[in-house]
Amino acid sequence: MLAVSRIARFAVKPGITPISLQFSRTMSLLLDKGLINGEWVEALSKKKFDVLNPANGEKVGVVPDMGVEDTNSAIQAAYDRFQSKEWQNLTAKERSGLLKKWFQLLNQHSEEISQIMTSESGKPLIESRGESVYGNSFVEWFAEESRRIYGEIIPPPFPNRQMMLTKQPIGVAALITPWNFPHAMITRKAAAALAAGCTVVIKPAEDTPLTALAIAKLAEDAGFPKGAINVITCSRQNAAAVGEVLCKSQNVAGVSFTGSTAVGKILYSHCAHGIKRLGLELGGNAPFIVFNSASVEKAVVGAMACKFRNCGQTCISANRFLVQENIFPAFVEKLKEVVEKLNVGDGKKDGVQLGPLINEAQFTKVNDIVEDAKSKGAKILLGGKSRSDIGKLFYAPTIVSDVTPNMRMYNEEIFGPVVSLIKFKTEEEALTVANNTNSGLAGYFYSEDVSQIFRVARKIETGMIGINESAISCTEAAFGGVKESGLGREGSRHGIDEFVYTKYLCLGNLN
């Protein structure tokens, strides 16, 4: 299938353990406690919550429901470790060595982690395996970048001075991560922070804490000292209070968050309390523009990978498909032909390409957005309904045409397997629609006109643009958005910038 062929770019090579692998093989990494100061601990309240498989509702594991006191303990552990001579005196080469060992262990246990990831997130195993490779690559990358955090020598304005800039770690970094990429969103942040010399407190999403704990266990096995990496697990009921503590604690120097724009705004206000260093990777509303000059085949391949990966639950998923009128019929016909062949089901079953939505709230949102479009005159070309015959959180891959500005799917991020088609006449019209949003994370367009390519790329208001390409995420590239899609960049050499500050040294009265 087209969708799988693109998703599999990061997948492991043939010869991996069969899909029928049982959890008995993963028990060493299937953990039921949080990590604070090098100890695997329960919540002080002794409360716990279940982690469920969205494909079938079965319990995958149980983890501590930690609260404010537990979070303060984790912050203190990270702060004490950061202040210790044993941590501050580590050289960049030594930090690099620890990250390299972590990378090796993550590679060795990638199948176990992938199995856990699919069980708690619902994504197909081929995607979990791809995410493991992708997530591991950030640890490898920042192991190398840790030795390249360079300063500057500045030509002084006076002959008796020497001036220089050095870079130092900011301190404790709080990392709040989402459920849609429970592996890569942690490693992309944590590896950069640790490479810079920070210590971290990780709060994974309530739906997917088991992957985070498995990753942290391997970091412990790699030799990271106590308190350098801490993991707080908590239920949805405690998430707001825990997030507020991470933002407001005077011992936390910076916060990095990936998630919804609404929550990002709340955390932004909390961080104002202490003028924290802040990195935000928030929601998107990505346009996917197909111009008359485009290759239909290339555009459909890109659309499949960009829309249906992780059941459409990614922040850079194409959300609004703007197709120029001359190419519209051919694009829609080919897209429909491919989408209707998608294999929907439990992600652990062989050949499955589309899993469930993560939880009931997400399912309800997607269903309501489609029903709203139906009620306002949109045409459902494919799908548009629940797949309750498979499970209660499955939604049929859907194509909707005649989408108009008064519909929710025209304006909102759908975060589900729904293609919303909007026909346009001119380039200017497409750009107006594409930019008419407060979001600006990713955008995509397909064109074989070189002049148009450079013209449109300059005018699209997003932090990332895929041109005749939809698989834009990679370790080497700077990931981030503009407008209300966030602050800062992750990955690439710029990823470390979020976790260091520049110190200016001026040496005067020199002979």
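Helices and strands are taken here as DSSP runs, numbered from the N terminus, a helix having at least four residues and a strand at least two. The structure is a predicted model. In these terms, Asn 310 belongs to the loop that connects helix H11 (296-308) with strand S13 (318-324).

The backbone at this position deserves attention. Asn 310 is a residue other than glycine, yet its phi is positive, near 55°. Its relative accessibility is 4%, and because buried means under 20% relative accessible area, Asn 310 counts as buried. A positive phi also occurs at Lys 46, which is not a glycine and has a value of about 70°. Lys 46 is placed in the loop between strand S2 (39-41) and strand S3. The threshold for exposed is over 50%, so Lys 46, with a relative accessible area of 57%, is exposed.

Rolling a probe the size of a water molecule over the atoms shows where empty space is left. The largest pocket holds about 1,100 Å³ of space. Its lining comprises 40 residues, of which Trp 179, Phe 257, Gly 259, Ser 260 and Val 263 are the closest to the centre. At least two lining residues come from each of helix H9 (236-248), strand S10 (254-258), helix H10 (261-271) and helix H13 (360-375). Sorted by class, the lining of the largest pocket contains 17 polar, 14 nonpolar and nine charged residues.

The second largest pocket has a volume of about 420 Å³. It is lined by 21 residues, and those closest to its centre are Asp 50, Leu 52, Asp 207, Ile 358 and Asn 359. Two or more residues of this lining are given by strand S3 (48-52) and by H9. The contribution of S3 is the greatest, at four residues.

Three strands, in the order S5-S6-S22, make up an open sheet with antiparallel pairing. Strand S5 (152-154) and strand S22 (500-507) are the edge strands; each has a single partner strand, and therefore one side of each is left without a neighbour in the sheet. From one strand to the next, the twist averages 25°. The antiparallel pairing of S5 with strand S6 (residues 162-169) extends over three bridges. Within this part of the sheet, Ile 153 has Met 164 of S6 as its bridge partner.

Conventions:
Residues are numbered from 1 along each chain as its sequence is written. This is a predicted model: local features need pLDDT of at least 70, side-chain atom pairs count only at pLDDT 80 or more; totals for chains, interfaces and linings use all residues. Side-chain values use heavy atoms; hydrogens and water are left out. Two strands pair if DSSP finds at least two bridges between them. Axes are lines fitted to C-alpha atoms, for helices over the stretch in contact, and angles run from 0 to 180 degrees between N-to-C directions. On a 1 Å grid over the protein atoms alone, a cavity is a set of points where a 1.4 Å probe fits but cannot get out, and a pocket is an open set with protein on both sides within 12 Å along at least five of seven lines; lining residues have an atom within 4 Å of a point. Grid points are joined across faces, edges and corners, and a volume is the space filled by probe spheres set on the points. Ala, Val, Leu, Ile, Met, Phe, Trp, Tyr, Cys and Pro count as nonpolar, Asp, Glu, Lys and Arg as charged, and the others, Gly among them, as polar. Buried means under 20% relative accessible area, exposed over 50%, partly exposed in between (1.4 Å probe, protein chains only).
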